[in-house]
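Hello,

Here is the structure you asked about. Please open it alongside this note; my findings follow below.

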Amino acid sequence: MAYLGNPGKTKEVMQRHDFAVKKKFGQNFLIDENILKKIVSAAEITKDDMVLEIGPGIGTMTQYLCEAAREVVAVEIDTKLLPVLEDTLSEYSNVTVINQDILKVDIVSLAKEKNGGKPIKVVANLPYYITTPIIMGLFESHAPLKSITIMIQSEVADRMKASPGSKIYGALSLAVQYYSDIEIVTEVPPSCFLPAPKVGSTVVNLLRCEEPKVKVNNESLMFALIRASFNQRRKTLANGLKNAPMLNFSREQILEAIEAIGKKPTVRGEELTLEEFAKLSDCFDSSTSL
Ligand code: SAM
């Protein structure tokens, strides 16, 4: 098999299919074989696994995934890439390409249909313009997931690992840390892509925890509180929660809850740990529907 993970082969395939990259879809194709091998090895794929690849591009990583996995489902939004993928993946019978926006795919049904509802692995060199909605969507769908091995902007990887008090700590940090353990696989310079992005990249492995890190009565309420407190970062937690249109709590209820978790009325959301957000959430009526 002629692998595509180098500049010469990538340019040749693109020219043969008269394909020009589209910025709006975040198309930066991987052209470094070592990085491709590192990603696939970090995902620890075996012939038992079904892998969901988000954005196969011209099929560079898909080739490696097809060789390692039992079955690969690759979701690509760009219709123009379909004939390219048909060509580059023609040797593999264990791949299905779905021409859709990943944000509209029902991943629970996909895992049911393709993997009998058992946990799947997600592997991707993500389009950077929608990294956060993709990750939040994967976790919040409660689809059965073993791991998410992804290339993301280094700045987003830093946000995922951030701790309370840091300027970059936010809803993404809390969601990723609630649902998974984070491993940094490798840093990746812009020269490993065609075209080269303007930012540095990092491969991370998010290992889905069997049980979330903290216990909370109403998960949706906890995340609504988290979102509300970070939407208005410069405000105190109390003001952030009072101003959130989705939450209907009185100032008294909010101040009582903040006091009950041992915090001052002037505390900011960015000072709270995951455990404290869970406790705060449990102070409100757990039957609150959102
Ligand atoms: N996997 C390829 C590689 O590593 O060379 C391509 C990665 S490129 C960074 C991101 C890919 O995601 C592109 O092929 C792009 O067209 C696709 N994409 C962008 N938005 C998407 C969406 N909403 N749903 C599915 N695919 C998307």
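Helices (H or I, at least four residues) and strands (E, at least two) are DSSP runs, numbered from the N terminus. Ala171, for one, is found in helix H8. This is a predicted model: local features need pLDDT of at least 70, side-chain atom pairs count only at pLDDT 80 or more, and totals for chains, interfaces and linings use all residues. Residues are numbered from 1 along each chain as its sequence is written, and side-chain values use heavy atoms, with hydrogens and water left out.

Domains

The domain assignment gives domain 1 (7-208) and domain 2 (219-288). Such bounds come from an automatic or database domain assignment. The C-alpha centres of the two domains lie 34 Å apart.

How many residues meet across the boundary? Domain 1 puts 16 residues in contact with 13 residues of domain 2. Contact means heavy atoms within 4.5 Å.

The size of an interface is often given as the accessible area lost when the parts come together. Between domain 1 and domain 2, about 1100 Å² is buried. Carbon and sulfur atoms give 60% of that area. Buried area here is the accessible area (1.4 Å probe) that two parts lose on being put together, summed over both. In domain 1, Tyr169, Leu174 and Tyr178 lose the most area to domain 2. Together they make up 45% of what that side buries.

One salt bridge is counted between domain 1 and domain 2. A salt bridge is a side-chain nitrogen of Lys or Arg within 4 Å of a carboxyl oxygen of Asp or Glu. Arg227 and Glu140 form a salt bridge, with their closest N and O atoms 2.7 Å apart.

Two elements give two or more residues to the side of domain 1 that touches domain 2: helix H6 (131-140) and helix H8 (171-179). H8 supplies the largest share, six residues. By class, that side of domain 1 has nine nonpolar, five polar and two charged residues. Ala, Val, Leu, Ile, Met, Phe, Trp, Tyr, Cys and Pro count as nonpolar, Asp, Glu, Lys and Arg as charged, and the others, Gly among them, as polar.

Leaving aside residues up to four places away in sequence, Ala171 touches Met136, Ile226 and Phe230. Ala171 and Asp282 are 111 residues apart in sequence, but 18 Å apart in space, C-alpha to C-alpha.

Thr131 sits in helix H6. Is Thr131 buried or exposed? Thr131 counts as buried because its relative accessibility is 3%. Buried means under 20% relative accessible area, exposed over 50%, partly exposed in between (1.4 Å probe, protein chains only). The Thr131 side chain reaches the backbone oxygen of Tyr128 at 3.3 Å. Not counting residues up to four places away in sequence, Thr131 touches Leu126, Ile152 and Val156.

Salt bridges elsewhere

The whole structure has 13 salt bridges. Lys22 and Asp78 form one of them, at 2.6 Å, N to O. This pair links distant parts of the chain, 56 residues apart. Lys22 is in the loop between helix H1 (7-16) and strand E1 (29-30). Asp78 is in the loop between strand E3 (71-75) and helix H4 (82-88). Lys22 is partly exposed at 22% relative accessibility, whereas Asp78 is buried at 4%.

Lys114 and Glu71 meet in a salt bridge at 3.6 Å, N to O. Lys114 lies in helix H5 (residues 107-115) and Glu71 in strand E3, so the pair ties together parts that are 43 residues apart in sequence.

Glu155 and Arg159 form a salt bridge too, with closest N and O atoms 3.0 Å apart. Both lie in helix H7 (residues 154-161), four residues apart, about one turn of the helix. Glu155 is partly exposed at 41%, and Arg159 is partly exposed at 25%. Salt bridges that share partners also join Lys9, Glu12, Arg16 and Asp87 into one network.

Helix H12

In helix H12 (residues 274-283), the buried residues include Leu274, Phe277 and Leu280. The buried residues of H12 pack against H8, helix H9 (219-231), helix H10 (237-243) and helix H11 (251-260).

Best wishes

Definitions and conventions
Polar contact = N/O pair within 3.5 Å; in protein donor to acceptor, adjacent residues only side chain to side chain.
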